[in-house]
Amino acid sequence: MKNKSVKIGPNTLCPCGSGKKYKNCCRNKKIEVSIKEEYKRRYDIHLKDPDQIQGIRKCGDLLISILNKVEQMIKPGLKTDDINTFVHEETIKAGAVPAPLHYKGFPKSVCVSVNDVICHGIPGDRVLTDGDIVNVDITPILDGYYADASKTFFVGTPTEQGKKIVSVASESLKRGIEVMAPGVTLGDIGYAIQSYAESQGCSVVREFVGHGVGIDFHEQPQVLHFGTRGKGIPLAPGMVITIEPMINLGKRDLHVLEDRWTAVTNDGSLSAQFEQTLLVTETGWESLTPYAL
């Protein structure tokens with residue numbers, strides 16, 4: 001999934017991160033400045049080179065192949081731990097490693113979040129029932145590279161509430177992705193997501209965010225799913241990030257269960273999430289974990 005070509009305009013914030021307009025910055029510089037070095041120094045962001053991008057893309061291909069297989073197995077009567085077993089075995093069989101397993105003590109190979117669980121659901125004996133929604137969040141490590149993506153699925157026949165929150169969450173990710181281009185700020189992404197989700201009567205979770213990814217599980221920058229246009233770090237070619245809005249049907253307030261991982265809505269409302277790993281290109285963006293939204 002690739003976007004339409006987008007050019008850096010003279011009045012766009014310069015992707016070097018100076019905060020100046022492109023026409024007053026790098027466009028007129030006679031001495032070439034390494035944006036990669038500048039982003040590392042200024043933001044601790046590692047802009048990826050072509051070999052690294054290809055490694056992440058290959059990992060993303062594996063992730064999507066597993067996620068597509070998971071979608072086929074989702075049905076009433078399935079235990080969330082059955083999903084974990086399948087993802088773990090498919091990951092290992094491909095010569096990869098499941099990144100979530102033992103990450104900061106997380107006990108499983110995948111996050112499985114049902115209904116009012118916002119994120120970080122621990123697979124176990126819970127049985128999926130007709131009308132549930134379930135998010136499956138997968139992160140393999142292949143040849144040292146990470147890719148991260150998730151989708152929210154219907155279990156059996158969806159409810160009207162389920163259809164609404166899944167639709168809004170999917171469209172929220174789509175709108176966040178579509179604004180991506182060099183010089184666009186992280187605040188522009190957050191604004192696109194927040195303004196749409198709230199216009200639909202839903203809320204955006206603020207405690208959990210997207211992030212840089214590729215050579216580590218969680219890198220800089222943090223990608224907020226709410227924000228103000230023109231604020232935050234400008235995107236630059238070679239930046240690889242996740243956008244992963246968590247959208248609640250009710251209020252955004254949450255709490256974390258005693259397991260110290262599972263985040264749930266305070267009001268018991270449904271929550272849905274979609275996530276992709278995304279590359280900022282010279283002309284816009286490319287999804288390294290592509291699926292239709």
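The side chains of glutamate 219 and lysine 48 meet in a salt bridge at 2.6 Å, N to O; a salt bridge is a side-chain nitrogen of Lys or Arg within 4 Å of a carboxyl oxygen of Asp or Glu. Glutamate 219 lies in strand S10 (residues 219–223) and lysine 48 in the loop between H1 and helix H2 (50–73), so the pair ties together parts that are 171 residues apart in sequence. Helices (H or I, at least four residues) and strands (E, at least two) are DSSP runs, numbered from the N terminus.

This is a predicted model, in which local features need pLDDT of at least 70 and side-chain atom pairs count only at pLDDT 80 or more, while totals for chains, interfaces and linings use all residues. Residues are numbered from 1 along each chain as its sequence is written, and side-chain values use heavy atoms, with hydrogens and water left out.

The whole structure holds 12 salt bridges. Three of them are listed here.

| Pair | N to O distance |
|---|---|
| Glutamate 219 and lysine 48 | 2.6 Å |
| Glutamate 38 and arginine 41 | 2.7 Å |
| Lysine 108 and aspartate 81 | 2.9 Å |

Buried means under 20% relative accessible area, exposed over 50%, and partly exposed in between (1.4 Å probe, protein chains only). Glutamate 219 is buried at 13%, and lysine 48 is buried at 7%.

Glutamate 38 and arginine 41 both lie in helix H1 (residues 35–43), 3 residues apart, about one turn of the helix. Glutamate 38 is buried at 15%, whereas arginine 41 is exposed at 59%. A network of salt bridges links Glu38, Arg41 and Arg42.
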